[in-house]
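Please have a look at the sequence and the model before reading on.

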Protein chains: 4
Amino acid sequence: MTTTVGIVGATGAVGQRFVQLLEDHPFFEIGVVTASPSSAGRPYREAAKWRVDTPIPDHVGDLTVRATDPAEIPDDVELLFSSLPSSVAAEVEPPLCEAGYVVSSNSSNERMAEDVPLVIPEINGDHLGILDVQRDERGWDGALIKNPNCSTITMVPTLAGLDGFGIESVHVATLQAVSGAGYSGVTSMEIIDNALPHIGGEEEKMETESRKLLGSFDGGEVALHEMDVSASCNRVATLDGHLENVWADLAEDVTTAEAAEAMRAVPSLDLPSSPDPFITVFDEPDRPQPRLDRTLGDGMGVAAGGIQETPDGVLYNALAHNTIRGAAGASVLNGELLIEQGWL
Amino acid sequence: MTTTVGIVGATGAVGQRFVQLLEDHPFFEIGVVTASPSSAGRPYREAAKWRVDTPIPDHVGDLTVRATDPAEIPDDVELLFSSLPSSVAAEVEPPLCEAGYVVSSNSSNERMAEDVPLVIPEINGDHLGILDVQRDERGWDGALIKNPNCSTITMVPTLAGLDGFGIESVHVATLQAVSGAGYSGVTSMEIIDNALPHIGGEEEKMETESRKLLGSFDGGEVALHEMDVSASCNRVATLDGHLENVWADLAEDVTTAEAAEAMRAVPSLDLPSSPDPFITVFDEPDRPQPRLDRTLGDGMGVAAGGIQETPDGVLYNALAHNTIRGAAGASVLNGELLIEQGWL
Amino acid sequence: MTTTVGIVGATGAVGQRFVQLLEDHPFFEIGVVTASPSSAGRPYREAAKWRVDTPIPDHVGDLTVRATDPAEIPDDVELLFSSLPSSVAAEVEPPLCEAGYVVSSNSSNERMAEDVPLVIPEINGDHLGILDVQRDERGWDGALIKNPNCSTITMVPTLAGLDGFGIESVHVATLQAVSGAGYSGVTSMEIIDNALPHIGGEEEKMETESRKLLGSFDGGEVALHEMDVSASCNRVATLDGHLENVWADLAEDVTTAEAAEAMRAVPSLDLPSSPDPFITVFDEPDRPQPRLDRTLGDGMGVAAGGIQETPDGVLYNALAHNTIRGAAGASVLNGELLIEQGWL
Amino acid sequence: MTTTVGIVGATGAVGQRFVQLLEDHPFFEIGVVTASPSSAGRPYREAAKWRVDTPIPDHVGDLTVRATDPAEIPDDVELLFSSLPSSVAAEVEPPLCEAGYVVSSNSSNERMAEDVPLVIPEINGDHLGILDVQRDERGWDGALIKNPNCSTITMVPTLAGLDGFGIESVHVATLQAVSGAGYSGVTSMEIIDNALPHIGGEEEKMETESRKLLGSFDGGEVALHEMDVSASCNRVATLDGHLENVWADLAEDVTTAEAAEAMRAVPSLDLPSSPDPFITVFDEPDRPQPRLDRTLGDGMGVAAGGIQETPDGVLYNALAHNTIRGAAGASVLNGELLIEQGWL
């Protein structure tokens with residue numbers, strides 16, 4: 001029994017990743033692809049400037065691109081994967097939810113809304129329960145679920161592992177890949193022989209989303225985690241894979257070995273896209289590295305390494321593939337969790 | 001009145017920078033260049049594989065390379081600039097000092113020794129007074145003075161500016177240029193489409209040297225600054241210019257503007273290699289950047305930017321040219337300070 | 001006696017280079033800067049997103065940007081430097097010439113027109129004589145002069161040196177810098193860990209422009225050089241500096257030394273921007289290299305090296321700075337030649 | 001029925017690729033790994049600094065490294081894959097062949113020896129017949145077979161396709177990946193924001209090896225192809241994948257379509273490592289590109305594109321993965337051909 005799904009914003013970089021990740025998926029079958037009006041009416045094969053490293057699946061290439069409009073979505077579609085600029089998403093996602101579609105979205109709008117679940121399935125899948133509140137409040141037949149920002153996803157799984165020791169505060173510096181800015185987001189003139197010490201809005205996303213993800217859900221609302229998070233975000237000349245230096249100040253003393261063990265103990269799920277192991281912890285101080293380790297678990301794995309004790313807790317490196325685990329793959333995994341929990 | 005100087009380890013990358021920086025210097029004239037026995041006896045022009053972006057000065061190119069041995073240094077030489085691997089420096093520097101030479105060294109050995117001044121002239125030039133202690137204890141006619149590691153130099157000037165607000169602790173993440181590892185230190189296979197989250201020994205240097213540099217000298221010894229410093233060091237694909245994200249926790253509340261003002265107020269010196277301004281503070285959040293800003297003050301300037309308030313203090317970016325302000329230029333500036341203070 | 005000049009398209013990348021190169025110029029003073037209507041009326045300082053590595057000259061930063069329209073150009077301006085997309089240039093340059101302005105243009109339109117001089121001053125300055133024909137035919141008080149494409153300029157000076165041996169045909173493969181495509185022309189996703197084997201329109205420019213530049217002018221028209229030129233153009237991950245592999249098939253046998261001598265013998269001119277030497281020939285087989293050699297002659301020099309004999313002639317490498325000698329600097333040098341020859 | 005094989009020089013970069021490519025191979029099983037005396041006696045897992053992107057196969061990791069000496073090779077080993085510096089290979093390969101081993105070698109020594117087959121199986125598999133001559137002349141029970149240099153392999157398959165039109169001469173410019181120089185062959189300081197116009201010895205290899213590969217074997221010796229080949233070799237900042245611009249002057253006129261068809265018609269073989277299709281020809285002018293196309297056929301495919309007609313023939317781009325099709329994979333494929341033709 002497969003669920004027919006649609007991809008909203010299917011011609012963009014993340015949209016293409018959705019197409020790639022959904023090929024031969026055990027739960028899902030692509031029934032519709034939508035894009036801006038300028039692409040509507042054309043075969044997907046022509047409308048998308050395909051840049052993914054595997055060929056366009058034939059049956060998707062042949063689909064006619066539709067406008068992103070509830071009236072254009074076929075009736076048999078139940079779930080929509082969405083990745084749009086946040087201002088566009090803020091306009092098109094609510095009508096889709098109102099029309100009865102469940103939307104698993106990578107867009108940044110409404111991630112911090114109280115009645116919108118922000119979910120990493122291995123970490124806080126129980127937060128999906130917020131959907132009952134959402135449907136009550138918004139009167140939707142559909143639903144809206146979000147995954148966090150790529151830089152947040154890279155860090156939070158390891159923090160979840162450490163939270164048994166009581167996280168009091170986090171300092172995190174990122175070395176983020178250029179693909180995180182979209183195909184044309186960083187020019188070659190900006191990044192060759194250079195690094196950029198600022199990514200607009202990114203720091204705030206890490207600081208707020210991480211507290212919601214690690215917050216507790218009491219059936220009614222999510223209480224944000226009380227830790228302070230301070231992020232400093234940088235862009236470097238890597239194609240894929242966000243590397244992060246994380247200082248976690250902890251209430252309890254921990255050894256390097258205990259911290260590693262706690263990260264390795266974060267369980268994988270029995271969902272098609274959940275990697276096993278979820279978190280790979282390297283003993284080597286110079287790992288993980290973006291090019292060597294970003295494809296762990298087919299790009300859905302999270303890596304850590306270089307764990308050191310500090311006076312107040314631990315310092316370590318974290319890594320994840322920003323356009324797979326950090327974007328399209330995150331939304332797909334959320335879709336799988338929706339199926340498993342019976343929300344569709 | 002010029003002082004005749006020598007360059008110890010003159011054929012290496014930093015040695016070549018010394019040759020470049022000392023050309024037409026108002027205080028110094030190069031009288032001798034030394035290197036390992038395999039290069040001794042050959043003209044410098046042939047012994048050095050010249051890679052600096054200005055031509056070899058003719059009179060230096062014609063010098064015959066000597067072995068690094070007190071017996072080989074001409075009598076009229078008074079000051080030696082040294083940059084050697086620390087294990088080599090630990091063997092050759094003391095005999096040179098014993099033989100009466102003043103050695104301004106970029107090598108990492110003995111930087112933390114109690115009777116060795118570790119100096120950034122604009123910050124703690126008074127620490128040169130330790131030389132009296134050193135001469136007493138070691139019975140040297142010469143003297144040994146050190147400049148800090150390139151990653152330390154990048155951060156400490158801005159911290160000096162902030163210390164009026166009471167620095168309690170520092171977290172720092174670095175994005176360091178490949179030249180810091182020497183000409184062949186980082187292979188292209190390691191760094192293209194990649195970043196390396198570890199540089200051996202670097203973190204400890206930043207954590208200890210910074211406390212000595214900002215410590216107070218009472219005429220007898222240096223009391224280390226009491227701040228805690230925790231560093232996480234990364235290598236990225238830039239040629240020159242170390243970029244650092246610095247969190248400084250402060251005893252007093254400060255605004256972004258006050259922090260910027262305090263950094264700008266760190267004075268320049270009236271020495272030939274001291275840049276004016278010493279610290280350039282950018283208002284733009286995405287500056288400084290390595291390629292755009294590393295040549296401020298002919299590579300001797302320090303830059304800061306992106307200052308933000310945090311709950312505990314400030315977060316900002318710092319940048320300096322690692323092979324000029326962070327290595328050869330640092331030793332030359334220390335040499336200038338030695339002259340000005342009359343130690344020669 | 002300075003000439004008041006204007007910069008057309010002053011806010012773009014090449015426009016900014018014009019501003020930089022014309023600061024403190026012995027012949028020229030900037031009297032006006034123009035740009036598209038959206039920038040008109042704003043101070044240049046605000047309208048230009050300044051990315052050149054020296055500061056905006058104050059008096060230019062204070063100029064109010066004008067629309068690119070003859071009615072907007074002050075009367076005391078005599079010479080205009082232009083760098084616009086060719087389709088825009090094709091519309092705005094002729095009215096400016098008709099209105100009496102002399103336009104030294106880097107834009108690619110009309111480079112091959114029979115009555116438009118295409119000039120590298122050191123190579124074919126006599127071609128300026130075409131301007132008499134141009135004024136006759138077009139009825140202009142002003143005049144239009146072009147410099148060639150950056151990839152053409154890199155190769156042609158060395159060919160001019162070899163032409164005494166009778167060039168019969170040329171094969172040339174280019175490794176071009178990303179700046180040649182404009183600030184945003186090549187994305188980081190396209191070029192990190194990659195090379196692009198195609199640059200639209202570039203090959204034809206090299207094949208046609210080179211024959212005009214080396215053609216002979218009889219006072220009435222230019223007879224194209226009879227050599228066949230076949231170009232293959234590639235983009236690589238360098239910031240500035242086009243490197244080219246050139247095979248020149250020659251009528252006469254030449255030795256490597258004779259070829260080098262012939263290139264070195266191409267004379268420099270006594271103009272402010274003409275470098276001396278014009279062509280630097282390296283004996284080392286691995287030179288010139290973009291990063292090491294692009295700033296020869298302040299970016300106006302041309303370099304060659306790695307000369308080898310082939311069965312039919314010679315094979316060698318050529319290099320020039322594409323945004324200085326290959327763009328803005330080329331137009332400025334043409335402006336200087338116009339002054340010297342008395343066309344203004 | 002599998003053949004037990006050994007890897008000579010197994011700890012190096014190409015040696016590691018051999019281990020990777022031979023895992024689960026239908027013909028071969030690794031029975032021994034050899035290296036220099038300093039590694040002998042240690043488990044392969046420890047002796048090799050493993051850098052390939054798949055894990056070390058367990059049974060190989062557990063093998064004890066042997067010295068490269070006939071006395072150290074177990075009796076059941078029949079075929080050795082070798083990749084050593086040419087000077088080392090020249091010393092160790094002949095004794096191994098004399099001792100009865102068949103050596104499929106990637107090392108550059110003896111590639112042009114008259115009694116040594118230089119083979120690309122899809123192109124000139126019949127040249128293996130030279131082994132009868134070799135055994136006669138050298139009195140070996142074993143045999144020595146070579147694959148060409150990585151830059152040669154990239155170009156020759158496409159030339160083989162075109163040779164039906166009569167290749168008269170070839171000009172080729174290469175943009176070669178840094179991995180071709182070995183893991184530490186190109187430093188980051190050399191190649192960031194740069195390109196190197198020279199690779200020692202590379203041009204001569206392309207010029208001679210290509211004529212042998214396309215030469216005809218009459219049962220006794222190989223008559224070299226009569227075409228002139230002139231190569232210009234450059235290093236660029238790509239990790240893997242040599243890109244080449246090839247001008248082939250042809251006796252007959254051909255259209256772009258005919259040239260593409262002739263390349264596509266070069267047949268694949270029914271061997272485990274032979275890709276299908278062998279040559280992928282792109283219609284797009286900006287393909288193939290190293291990062292996008294180097295993994296065609298699991299790195300064993302050859303790509304062409306951008307075919308243009310020239311006055312004398314055609315100009316096009318060629319690409320192959322230099323460390324798979326151009327090195328270890330080439331030797332493995334030669335080993336498969338040896339099996340199929342019954343030389344073992």
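The report below visits two chain contacts and then two single residues.

This is a predicted model, in which local features need pLDDT of at least 70, side-chain atom pairs count only at pLDDT 80 or more, and totals for chains, interfaces and linings use all residues. Residues are numbered from 1 along each chain as its sequence is written, chains are lettered from A and ligands numbered from 1 in the order in which they are written, and side-chain values use heavy atoms, leaving out hydrogens and water.

**Two interfaces**

A salt bridge is a side-chain nitrogen of Lys or Arg within 4 Å of a carboxyl oxygen of Asp or Glu.

| Interface | Residues in contact | Buried area | Salt bridges |
|---|---|---|---|
| Chain A and chain B | 38 residues from chain A, 38 residues from chain B | about 3,100 Å² | two salt bridges |
| Chain D and chain A | four residues from chain D, four residues from chain A | about 370 Å² | zero salt bridges |

Between chain A and chain B, 53% of the buried area is on carbon and sulfur atoms. One of the salt bridges joins Arg294(A) to Asp193(B), with the closest N and O atoms 2.8 Å apart. The side of chain A that touches chain B has 18 nonpolar, 12 polar and eight charged residues. Here Ala, Val, Leu, Ile, Met, Phe, Trp, Tyr, Cys and Pro count as nonpolar, Asp, Glu, Lys and Arg as charged, and the others, Gly among them, as polar.

For chain D and chain A, 69% of the buried area is on carbon and sulfur atoms. Asp193(D), Leu239(D) and Arg291(D) supply 71% of the area that chain D buries against chain A.

How can chain D be laid on chain A? A turn of 180° and a shift of 0.0 Å along the axis do so with an RMSD of 0.0 Å, which is the relation of a two-fold axis. The copies are superposed by least squares on the C-alpha atoms of residues with pLDDT of at least 70 in both. Among the residues of chain D, Asp193(D) comes closest to the rotation axis, at 3.3 Å (C-alpha). Because 100% of the interface residues of chain D are also interface residues in chain A, the copies meet through the same surface.

**Two residues**

Is Gln134(B) buried or exposed? Gln134(B) counts as buried, at 0% relative accessibility; buried means under 20% relative accessible area, exposed over 50%, partly exposed in between (1.4 Å probe, protein chains only). The side chain of Gln134(B) reaches the backbone nitrogen of Leu144(B) at 2.8 Å.

Glu309(C), at 49% relative accessibility, counts as partly exposed. Glu309(C) and Thr255(C) are 54 residues apart in sequence, with their C-alpha atoms 6.5 Å apart in space. A polar atom of the side chain of Glu309(C) lies 3.3 Å from the backbone nitrogen of Thr256(C).

Terms used. Contact means heavy atoms within 4.5 Å. Buried area is the accessible area (1.4 Å probe) that two parts lose on being put together, summed over both. A polar contact is a pair of N or O atoms within 3.5 Å; within protein, one must be able to donate a hydrogen and the other to accept it, and residues adjacent in sequence count only if both atoms are side-chain atoms.
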